[in-house]
Amino acid sequence: MPTPMPSGYDAPLKNLSPVVAQVLYNRGVTHDELPAFFHPEAASMHAPSLMYGMREAVRHIRAAIARGDCIVVYGDFDVDGVTGTVLLHQVLSALGANCRVYVPHRASEGYGLNAAALDRLRADGVGLVITVDCGISSADEVEHARAIGLDVIVTDHHTPPPRLPAAVAVLNPRQPNCTYPFKDLAGVGVAFKLASALAEGLPNGQRLRRDVLDLVAIGTVSDMVPLRGENRILVRYGLSALNHTQRLGLRALMRRAGLEHAELTTNEVGFRLGPRLNAAGRIDHAMVGCRLLMTTDAAEAEELADALEQKNGERQRLTAQVIEEARRRIGDHPTERALLVDDPAWPAGVIGLVAGRLAEHYCRPVLVVERVERAEGVERAPSGATTPSPSATLMATETTALAAPESRGSGRSAPGFNLVEALASCGDLLTKFGGHAQAAGFSLPTAHIPALRARLAALAAASLREEDLAPTIEIDAEVGGRDFGVEDLGLLFDQLETLEPFGMGNKPPTLLWRNLRVGDCRVVGANHLRFSFNTPSGTVSGIAFGRADDIGALPRGSVVDVVCTLQYNEWNGRASIELRIKDVAVRGGAGRSPEHPHSSLTAPSLA
Ligand SMILES: [Mn+2]
């Protein structure tokens, strides 16, 4: 339960419900930050020049453009990387640069810079490589680039390792000597800062920036960085740009996702558009997503959207299959406090998704590894149903040196366990690793997998307590009481909506409403419960998705405490606010209380 806000905190929020003030207080929004929170204005964005390395990066890029050097934007294959890559390519091209994009193939090349790709780019006459959403952990590869006469500028937002790449410039607000005030930009956010600096002072500079904001919204939301501070501003403006985007590929993709008439919020971006864009990189080649965002050809836009739609279906089936297999293997009550599961048949493209769902399910860090049994020494080109157009990319053909077999893994953590730090302390077992506190990727000699499993389990046993392993729901505020009735729900809903955009670091507010009397409760659909509650001020309805089998239909007259968010509902032309129920505690019932809610292992899938 939240700590009540101190008196006076809500003074600047005169016309708002105390519930809204309590929500903001819980989220650590200080009294001084309140005005900016309610008015996320472009004018309050930080100057790009505050970012360490920016001046050098801009100077170098301008000179390369002036010389007509061939520039390659080298991005990561996830949504953040792909949107950031297209963003920088678009702005550089508009500035007259001779510019191409390169995104490595997830399976045959792997994450980040690789020497073979750099060699090919150099041989192809490329003079400058600008990374997006990767590169901070590629000190060796940057050194290699330097040795072959290729300049590299790194833009990244991942946790910097102790040894930074010796690039022409490194842009990463998280590097120790960077005083840029906002540290939580996504990769696309850092790319946007560089683009803004490049466009500064140009007559069309403002338009250049505005035309890429749709990409910033998609990448920032999909990368799950906290939607606070500058990200809140970027996503607010970005969503409105996205709702009016002229990008043919995005329009086509929205139609496939049934979103052509919808007003897009972070929810649609995170759960509908993002996964579709990501599907190509997971199953096949991320260049498909890149080309979708770049194309100006209507027929090609439709074709690429079809390809992504199909890949996304494949990705969903594959993910479900691997999750089921992994859960069967782990069992219902694992004893280890950090889990590592591996299998040769699990594709690297979905192991991150699987790790995320398992970490949520088991309430502890989970690492999933695609185990490689035999060293690879075969020459192969990235499989691609659709060949990237030569203007957009360079085809990658790679020869992997014959060596001990290497496996790749991805992990998702639980609150209170810093995964990238844990991996750093196992650095002697790993070939490569990087990421964030809550999500990280790594590769290691296959023979080291059992040792890594044991070391992580020991680390987790030492730092995670028993109570850390139970599912919890954070309650933002309590409603009900004497001066709150059903008639107040509409106004409260409207006021809570002003806290949007919701997402990481600013979830839709969760409310506790005690002593609701059940008027009706029935199972609907596959496994949902529909409620109607009687209160002294009228009836209110609620829905609990995917909870019929564990809560069960409650008899009329039961008195319950409900934990919920509010949602707008329109049915038969009648609009109402209803409760989207996260958990229910029966008063004097089985002893569940909202503070210790029933486990919600069957939370509805939003994928
Ligand atoms: Mn990223």
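## Exercises on a predicted model

In this predicted model, the largest nonpolar core has 93 residues, and Leu87 and Leu88 touch the most other members of it. At least three of its residues come from each of domain 1 (44-213) and domain 2 (246-320).

**Exercise 1.** Find the residues in contact with Leu87, leaving aside its neighbours within four places in sequence.

Solution. 
- Step 1. The cut-off for a contact is that the C-beta atoms, placed from the backbone, lie within 7 Å.
- Step 2. With the sequence neighbours set aside, the contacts of Leu87 are Val188, Ala191, Phe192, Ala195, Val212, Leu215 and Val216.
- Step 3. Apart from the core of 93 residues lies another core, which has 37 residues, including Ile351, Ala355, Ala440 and Phe442.

**Exercise 2.** Work out the strand order of the five-stranded sheet and name its edge strands.

Solution. 
- Step 1. The sheet is open, its pairing is parallel, and its strands follow the order β2-β1-β3-β4-β5.
- Step 2. β2 (98-102) and β5 (169-171) each pair on one side only, and these are the edge strands.
- Step 3. From one strand to the next, the twist averages 20°.

**Exercise 3.** List the domains, then describe the contact between domain 1 and domain 2.

Solution. 
- Step 1. The chain is divided into domain 1 (44-213), domain 2 (246-320), domain 3 (331-466) and domain 4 (472-586).
- Step 2. Between the C-alpha centres of domain 1 and domain 2 the distance is 24 Å.
- Step 3. Domain 1 gives eleven residues to the contact, and domain 2 gives eleven residues.
- Step 4. On the side of domain 1 that touches domain 2, α4 supplies the largest share, five residues.
- Step 5. By class, this side of domain 1 has six nonpolar, three polar and two charged residues.

Technical notes. Residues numbered from 1 in each chain as written. Predicted model: local features only at pLDDT ≥ 70, side-chain atom pairs only at ≥ 80, totals over all residues. Pairing = 2+ DSSP bridges. Helix = DSSP H or I, 4+ residues; strand = E, 2+ residues; numbered from the N terminus. Axes fitted to C-alpha atoms, helices over the stretch in contact; angles between N-to-C directions. Domains from an automatic or database assignment. Contact = placed C-beta atoms within 7 Å. Nonpolar A, V, L, I, M, F, W, Y, C, P; charged D, E, K, R; others polar. Core = buried A, V, L, I, M, F, W, Y, C linked by C-beta atoms within 7 Å. Buried ≥ 20, exposed ≤ 12 C-beta atoms within 10 Å, placed from the backbone.
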